[in-house]
Amino acid sequence: MEELVRALFSARRRFGITRLGSLTRLDRAGVAVAQVVRPQSLSNAVSQGKGANVMEAAASALMETLECWAAERIAPERIQVASARDLGEEIRNLYAGCRVHGFDAGWDQLRLGWTDGYDLLTARVLPVPVALVDTIYTLPSPHPVAFPRSTRGLAAGPTMLAAIIHAALEVLERASVAGAERYPRSYPELRIDPARVGGPLSSRVLACLRAAELAAGIWLVPGDHDLPVFRCQVIEMEGHREIAPLPGEGFACDFTYDRALARALMEGAQARVTALAGAREDITRAAYPERYDREYLNARRHAFLSPTETIALPVDRDGPASGAAALSAVLDALKGAGGQAALVVPLYSGKNPGLDVVRLVVPPLRDLNRE
């Protein structure tokens, strides 16, 4: 991990990175959080990363930055302009479910940018809307309003396989949580009792939170696949001087309950630090109200600390034994969740540092974005 961080940092000028710093001591949660600044970014100029130690956090933050950097630089020769109708009924139907909610039915006549993606489910090359791939979030947008814009499925890894698996887990996480929010009766979340969490990774994070007088709310998010997805909130316990009153929220999907829960808890702690740092452009003044609903916050604290209507963390399963097995598992999960294609768009592959960046587009799965 340290070798990767040193290699990425030594190449920082190539990527426009001007700062790598630790934000860990802004909070007391015991989760390492790092920040990377890339001033000429076409999306967020500030990225965060988390980890069990500062090197893991730095690697996470650097790779998040490089993901957006790579997605800003799709070569013009890789893009063709056409309407979905021009590309045929199969392509039109594939992306019809990805549209911005309520968008006009004539979307398929818009002249859109398309780039090639490799479908892992059918072993075919198919066109992918560039609006679902790039991270050029400038105003005005370079794309007609047809598809929601997010970073879902954008991932980096030491190999392309690792990047694809990382991207697939994120797609599954966000699709599961979005489904639970839209259809709460079909996908009811199950609240987990923190006192009945026994996994080594998640137990360690929970112990750090308790030592810092922070309470955790944990929900297991059911879905149409068998990989665990967690939603967590981290909030200060009653009686301690508040420094970030609102709960920090985190999500994660992984192959084991322990890894998924540990990652979601750390992301919840990272969200607190992100709010405390106040440097992210997408966290506006609306996130810092002049007054807080103390009744609501107290109710959240008491609910998190009460074992009522909770279950124990399920018995864990073994993770995949190889990268090929991991890929097979995430592809099965994507199909189970309703994915009709799993389109990989390579964005960057380089040496020194050795890193691959991809975007995975899985129509018609939806994102966490409020629609």
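Okay, let's start with the cysteines: a search of the whole structure turns up zero disulfides, where a disulfide is a pair of cysteine sulfur atoms within 2.5 Å. Before I go on, this is a predicted model, so local features need pLDDT of at least 70 and side-chain atom pairs count only at pLDDT 80 or more, while totals for chains, interfaces and linings use all residues. Residues are numbered from 1 along each chain as its sequence is written, and side-chain values use heavy atoms, with hydrogens and water left out.

By buried I mean under 20% relative accessible area; exposed is over 50%, and partly exposed is in between (1.4 Å probe, protein chains only).

Now the overall picture. The chain has nine helices and 13 strands, taken as DSSP runs numbered from the N terminus: H or I of at least four residues for helices, E of at least two for strands. The radius of gyration is 21 Å, close to the 21 Å that the globule rule gives for 371 residues, so the chain is as compact as a globular protein of that length. That radius is taken over C-alpha atoms, and the rule is 2.2 Å times the number of residues to the power 0.38. Along its principal axes, the C-alpha trace spans about 60 × 50 × 45 Å.

Buried residues make up 50% of the 371. If you take contacts between residues at least 6 apart in sequence, 67% of them join residues at least 24 apart; a contact here is heavy atoms within 4.5 Å.

Let's zoom in on helix α4, residues 89–96. Which of its residues are buried? They are Ile-91, Leu-94, Tyr-95 and Ala-96. Their cover includes strands β5 (112–119), β6 (124–129) and β12 (343–350).

Staying with β5 and β6, have a look at the loop between them, where Ala-123 sits. Its phi is near 60°, a positive value in a residue other than glycine. Glu-213 also has a positive phi, near 60°, and you'll find Glu-213 in the loop between α6 and β9 (214–220). At 35% relative accessibility, Glu-213 counts as partly exposed.

Why flag these? Most residues other than glycine have a negative phi, and most peptide bonds are trans.

On the peptide bonds, then: Leu-139 to Pro-140 is cis, with omega near 0°. Pro-140 is in the loop between β6 and β7 (154–157). Pro-363 to Pro-364 is cis as well, with omega near 5°, and Pro-364 lies in the segment after β13 (355–361).

One last stop, at Ala-195, in the loop between β8 (190–192) and α6 (200–211). Is Ala-195 buried or exposed? Exposed, with a relative accessible area of 67%. How many residues separate Ala-195 from Ala-312 in sequence? There are 117, yet in space the two are 8.2 Å apart, C-alpha to C-alpha.

That's my tour.
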